[in-house]
Amino acid sequence: MELNLTGRRAIVTGGSKGIGLAIAQELVGEGVDVAICARNPAEVETAGEMLRRTGRTLHAAVADVTDPEQVGAFVEDAADTLGGIDILVNNAGAASPGSFDSLTDEDWQRDLDVKLFSQIRCTRAALPYLRTSTAPRVININSVYAKYPDPGFFATSVNRAACLNFTKTLAQELGPEGVLVNSINIGFVVTPQWENIRRRRAPDLSEEEFFSQWAAEEVPLGRFGTVEEVSGIAAFLASDRASYITGAIVDVAGGMGKYV
Ligand SMILES: NC(=O)c1ccc[n+]([C@@H]2O[C@H](COP(=O)([O-])OP(=O)(O)OC[C@H]3O[C@@H](n4cnc5c(N)ncnc54)[C@H](OP(=O)(O)O)[C@@H]3O)[C@@H](O)[C@H]2O)c1
């Protein structure tokens, strides 16, 4: 399938590792010029060097998506370096396991900031550039828990539901201008985020044992997904082949999520 992405310009937040890095790799592989950001300077630099080897224009910067000023500066610098923005992938985020009893106001606020407000602020900052693009796209990386709540991931469930509403409502508002806004809902995908959860919850289990146990309980396909199983869908949604898709929520979750 020809995605026609060569020469497009994309921002991927949280592009230093995990799903974000895989999406950035997929996009540069399709000929897209890419900007990534994350907080850890060494990881940003390593990811930037790796992506630059493809020969595409690459902007890699340290920026915290919960800080409005850093978001503004990053998006402006990215647009300057790439010569505009066609695609915004709102991917940065972090798992925040916890039940209602265990979560403090600060936990809730932190989770809301990194999940919902990061999408709001990055989109607001990128919109003037997206509006001048011939094929503007916003892709929000969310979670199956948004529609399939789990008390063990209480804040994630509530705040990702808000993120889905953000996707749907924004798709309606920007539809008349041709800006397409979609969400990818992740189930369980092997990334550094999950390795951190394993270390906290079951340090005695190997990665393989830990992932198999979780998958056996929750995932019809019986396994965690890979980052490449997400990145291809992101590239498709960014492409001309998805030109009539907006406000869609695509589950990449191995069948996880008991809803219709
Ligand atoms: N993996 C899964 O199974 C799964 C399931 C559901 C949803 N998701 C969502 O998918 C997205 C990617 O997750 P992942 O599993 O790839 O996580 P990951 O491996 O932990 O990577 C997260 C990325 O986001 C960056 N990031 C985190 N907080 C940030 C902040 N405040 N500002 C800027 N960058 C920030 C991280 O870098 P720094 O820490 O250096 O900033 C890193 O680059 C997240 O939104 C996550 O919630 C993942």
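**View A. Helices α4 and α5 cross in a right-handed sense.** Right-handed here means the near helix is turned clockwise from the far one by less than a right angle. This is a predicted model, where local features need pLDDT of at least 70, side-chain atom pairs count only at pLDDT 80 or more, and totals for chains, interfaces and linings use all residues. Residue numbers start from 1 along each chain as its sequence is written. The axes of α4 (residues 105-130) and α5 (residues 154-174) come within 9 Å and cross at roughly 15°, which makes the two roughly parallel (angles under 35 degrees count as such). Axes are lines fitted to C-alpha atoms over the stretch in contact, with angles from 0 to 180 degrees between N-to-C directions; helices are DSSP runs (H or I, at least four residues) and strands are E runs of at least two, numbered from the N terminus.

**View B. Here's the ligand shell, with G14, G18, R39, G93 and T191 nearest of its 30 residues.** A residue is near if its C-beta atom, placed from the backbone, lies within 6 Å of the molecule. Elements giving two or more residues are α1 (18-29), β2 (33-38), β5 (137-143) and α6 (192-201).

View C. The contact takes 10 residues from domain 1 and nine from domain 2, counting pairs whose C-beta atoms, placed from the backbone, lie within 7 Å.

Notes
Parallel < 35°, antiparallel > 145°, perpendicular 65-115°, else oblique. Contact = placed C-beta atoms within 7 Å.
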